[in-house]
Amino acid sequence: MLSRQQIEQCRAGTDRLAQPILPLVRLAGMLYLTGPFNRLPDLFAELNEPVETGGITYDRPADLLRPYLEDMAPYERFKHPQAPSRIILSSQRTGLDQFEALDGWVTQNVLIRELEEINSLLCGPCNCRLCCIGPEENMAQDFFEIPLSAQEKSFFQLTEINNTTSRQTSSESETPLMIQGHPFYLSNDPLLVHWQQGWSMILPRRSSCPNLEQDSGGCTIYRKRPDVCRRPQIFAYALERLAELDQEYEGRRLPAFCRRDTILAIWDCPYVKQFQEEIGVYAQLCGMEPIFKENKG
Ligand code: SF4
Ligand code: SF4
């Protein structure tokens, strides 16, 4: 558990958990759809007084909403129709009406942005490096994996494995990719591997990310760290990607998703353990189901 001092240092993060932005975003969405507003900023210009919704009072609603303008943009499709860019289905994989589909899209966007900030506020005081090292001795996993874009890959000075075999397999394949006669995860050092799905950094046991500062535990590329490093260990899971249901539309491939309406928190993170109740309240205020998963493997 965290010390009293660490809990106090996490206060900015726990305050955000107690006052999620999503209820205000949804209220603003309804006001936008039912009011005489052409674009969302036209609505924001009218939101100068405190607003109460879902038992939360938002003192400066317009200021709070402005950073989420891009995330809320799908609402504008009601008044300004555009060509479809994705397919959003129910949790049963059946069709949704336009409002439920766009609400799921906005919800995922908003939660990703807000949880990225909350996770950063909670992680700092923990003095923990679990996300940046391979599995510890008491863990069942042989390796941890950090998916990377082609651009993010360039931030890591590591041996690269990129050949026909690696590009035809995945890290989870039953027959593991062999490197110099050994399964890839028995490497002594972290690796960059180009799999069928793209690049990832593999952190075998007893290894650590090359960008982890061993003395301070800080990240040497903190400001440009990969997306995956920004999002642990409370994850937005409002939508689940369903690549097998992607569809062709006018020469483009539309990615498919279904609603999950879940907040996923990884239990071996110290602040998830410490603030389980607060995370549950956050999920409830957002209309999401909280799920606590044992570890990140
Ligand atoms: S890039 Fe930074 S945050 Fe990501 S695993 Fe490496 S040290 Fe950790
Ligand atoms: S496990 Fe939690 S506290 Fe530890 S580095 Fe990851 S996000 Fe931070």
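This is a predicted model: local features need pLDDT of at least 70, side-chain atom pairs count only at pLDDT 80 or more; totals for chains, interfaces and linings use all residues.
1. Glu294 lies in the segment that follows strand E14 (289-293). Apart from its neighbours within four places in sequence, Glu294 is in contact with Ile266, Trp267 and Asp268. Asp268 stands 26 residues from Glu294 in sequence, while their C-alpha atoms are 6.4 Å apart in space.

2. Asn119 belongs to helix H7. Is Asn119 buried or exposed? Its relative accessibility is 2%, so Asn119 counts as buried, the limit for that class being under 20%. Setting aside neighbours within four places in sequence, the contacts of Asn119 are Arg230, Arg231, Pro232, Gln233, Ile234 and Tyr271. Leu158 is 39 residues from Asn119 along the chain, and 27 Å separates the two C-alpha atoms.

3. The peptide bond joining Pro232 and Gln233 is cis, with omega at about -5°. As background, most peptide bonds are trans. Gln233 sits in the loop between helix H9 (227-230) and strand E10 (234-241).

4. Ligand 1 has its own set of surrounding residues: Cys132, Ile146, Phe156, Cys209, Asn211, Leu212, Cys219, Ile221, Pro226 and Cys229. By class, nine residues of this shell are nonpolar and one is polar, with no charged residue.

5. The next points concern helix packing. Two packed helices are described by the angle between their axes and the distance between the axes. For helix H2 (residues 11-18) and helix H7 (residues 98-123), the angle is about 150° and the axes are 7 Å apart. The crossing of H2 and H7 is left-handed. On the H2 side, the residues that meet H7 are Ala12, Gly13, Thr14, Arg16 and Leu17; on the H7 side they are Glu114, Glu117, Ile118, Leu121 and Leu122. The residues of this contact between H2 and H7 comprise five nonpolar, two polar and three charged.

6. H2 packs with helix H11 (residues 276-285) as well, at an angle of about 35° and with 8 Å between the axes. Here H2 contributes Arg16, Leu17 and Ala18, and H11 contributes Glu278, Ile279, Tyr282 and Leu285. The contact of H2 with H11 has five nonpolar residues, two charged and no polar ones. Arg16 and Leu17 are named in the contact of H2 with H7 too.

7. Four strands form an open sheet in the order E4-E9-E8-E5, with mixed pairing. Which strands stand at the edges? They are E4 (143-148) and E5 (160-161), each with a single partner strand, so one side of each is left without a neighbour in the sheet.

8. Within this sheet, strand E8 (residues 191-195) runs parallel to E5, to which two bridges join it. Ile161 stands opposite Val193 of E8. With strand E9 (residues 198-204), E8 pairs in the antiparallel sense over five bridges, and Leu191 stands opposite Ile202 in E9. A hairpin of two residues connects E8 to E9. E8 is mostly covered, four of its five residues being buried.

9. Two backbone angles remain to be checked. Most residues other than glycine have a negative phi. Glu250 has a positive phi near 45°. Glu250 lies in the loop between strand E11 (247-249) and strand E12 (252-254), and is exposed at a relative accessible area of 66%. Asp261 has a positive phi near 50°. Asp261 is placed in strand E13 (residues 256-266) and is partly exposed, with a relative accessible area of 24%.

How values were computed: Residues are numbered from 1 along each chain as its sequence is written. Chains are lettered from A and ligands numbered from 1 in the order in which they are written. Side-chain values use heavy atoms; hydrogens and water are left out. Axes are lines fitted to C-alpha atoms, for helices over the stretch in contact, and angles run from 0 to 180 degrees between N-to-C directions. A crossing is left-handed if the near helix is turned anticlockwise from the far one by less than a right angle, and right-handed if clockwise. Contact means heavy atoms within 4.5 Å. Ala, Val, Leu, Ile, Met, Phe, Trp, Tyr, Cys and Pro count as nonpolar, Asp, Glu, Lys and Arg as charged, and the others, Gly among them, as polar. A residue is near a molecule or strand if one of its heavy atoms lies within 4 Å of it. Two strands pair if DSSP finds at least two bridges between them. Buried means under 20% relative accessible area, exposed over 50%, partly exposed in between (1.4 Å probe, protein chains only).
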